[in-house]
Amino acid sequence: MGSELPPEDGPARPAEPAAAGEGARGGQAGQPGQPGEPGQAAKPAEAAQSGRRRLAEAVWPPRVSRAQLIVALLLFVLGLGLAIQVRSNSDSSALRGARQEDLVRILDELDGRTKRLEDEKQRLDDQRKELESSSNQAEEARRQTVEKERQLGILAGTVAAQGPGITLKITDPKGQVQSDQLLDTLQELRAAGAEAIQVNGVRIVASSFFSDEGGGIGIDGKKITQPYEFKVIGKPQDLEPALNIPGGVVQTLEKEQATVAVTRSAKIVVDALRAAKQPDYARSSTS
């Protein structure tokens with residue numbers, strides 16, 4: 001009876017100071033480097049989950065500024081343009097990128113070229129058939145070529161000629177006739193239809209010129225003396241009246257006290273020749 005036990009269901013008493021020291025040591029169990037206690041394993045896992053969550057929140061939903069959106073759009077357009085350009089350059093057809101007007105123009109040009117080629121082919125076919133069907137036509141073509149060559153030779157003075165015409169003789173005893181008066185006579189004869197002319201043995205051609213030489217007159221640099229005799233092939237009915245018109249050649253020469261005689265003839269021979277001159281620079285356009 002001398003000592004009494006405390007009741008089991010009595011009120012709780014405050015903890016002893018020593019107990020507080022132990023609790024402080026127990027609180028150090030959550031610090032790093034102290035494995036084996038539950039508080040130490042939970043905190044690194046919670047930190048990793050928190051980092052992943054922050055990364056996911058930073059990435060999605062994306063936060064795009066207006067400037068970034070414009071740059072992205074420009075880069076997309078640039079890439080699309082480069083892709084189209086590469087495809088266009090690799091395409092073998094040069095007409096794929098042409099405008100409609102250009103395609104129509106090209107088509108018209110091709111149609112016109114085709115038509116010209118067809119016409120040329122038809123013309124050549126017709127010529128071939130003519131040559132194959134008739135030798136007379138080929139002979140006629142050769143004959144016409146020879147005739148054309150002869151005519152050109154007469155005009156150039158490289159071949160002799162004969163035909164109807166007149167003979168004009170100018171006698172100048174006092175030496176009053178000048179070269180320009182003989183040139184006027186030549187021009188009048190040409191205007192009347194003269195086809196071939198020679199004066200004192202000199203063939204007159206398109207390039208002929210008259211000049212005054214000491215004591216006489218020169219034709220193309222060759223001196224001639226009077227009487228001056230023109231042999232002219234042409235239609236006499238046109239040549240003689242042209243010389244005798246009022247104020248014409250005959251009257252002008254007679255004023256210089258020269259004597260002029262015009263004689264018609266059914267056959268005039270012009271046999272003075274000129275050497276064929278090769279041009280220095282001009283060439284045939286068909287060669």
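Trainee: Which residue in β6 is the bridge partner of I219?

Mentor: The bridge partner of I219 in β6 is K222. Before going on, note that this is a predicted model: local features need pLDDT of at least 70, side-chain atom pairs count only at pLDDT 80 or more, and totals for chains, interfaces and linings use all residues. Residues are numbered from 1 along each chain as its sequence is written, and side-chain values use heavy atoms, with hydrogens and water left out.

Trainee: How many bridges join β5 to β6?

Mentor: Three bridges join β5 to β6 (residues 222–224), and the two run antiparallel. Strands pair here if DSSP finds at least two bridges between them. Helices (H or I, at least four residues) and strands (E, at least two) are DSSP runs, numbered from the N terminus.

Trainee: What does the turn look like there?

Mentor: The hairpin of β5 and β6 has two residues between the strands. D220 lies in that loop and has a positive phi of about 55° although it is not a glycine.

Trainee: Which peptide bond is cis?

Mentor: The one from Q226 to P227, with omega near 10°. P227 lies in the loop between β6 and β7.

Trainee: Now the sheet. In what order do its five strands come?

Mentor: The order is β3-β2-β7-β1-β8, in an open sheet with antiparallel pairing. β3 (202–204) and β8 (259–270) are the edge strands; each has a single partner strand, so one side of each is left without a neighbour in the sheet. On average, neighbouring strands are turned by 20° against each other, direction ignored.

Trainee: How many bridges are there between β1 and β8?

Mentor: Ten bridges, in the antiparallel sense, with β1 covering residues 161–171. For T171, the bridge partner in β8 is T259.

Trainee: Which helices pack on the sheet?

Mentor: Helix α6 (residues 179–191) does, touching β1, β2 (196–199), β3 and β7 (228–233). The direction of α6 makes about 15° with that of β7. Helix α7 (residues 236–243) packs on the sheet as well, touching β1, β7 and β8, and its direction makes about 20° with that of β1. Axes are lines fitted to C-alpha atoms, for helices over the stretch in contact, and angles run from 0 to 180 degrees between N-to-C directions.

Trainee: At what angle do α6 and α7 pack?

Mentor: About 145°, with their axes 9 Å apart. The crossing is right-handed, a term used when the near helix is turned clockwise from the far one by less than a right angle.

Trainee: Which residues make that contact?

Mentor: T185, E188 and L189 of α6, and L239, A242 and L243 of α7. Contact means heavy atoms within 4.5 Å. By type, the residues divide into four nonpolar, one polar and one charged. Ala, Val, Leu, Ile, Met, Phe, Trp, Tyr, Cys and Pro count as nonpolar, Asp, Glu, Lys and Arg as charged, and the others, Gly among them, as polar.

Trainee: Back to α6. Why does Q181 count as buried?

Mentor: Q181, in helix α6, counts as buried because its relative accessibility is 13%. Leaving aside neighbours within four places in sequence, Q181 is in contact with Q176, T252, L253 and E256.

Trainee: How much of the whole chain is buried?

Mentor: Buried residues make up 21% of the 287 residues in the protein chain. The chain has eight helices and eight strands.

Notes
Buried < 20%, exposed > 50% of the residue type's maximum accessible area, 1.4 Å probe, protein only.
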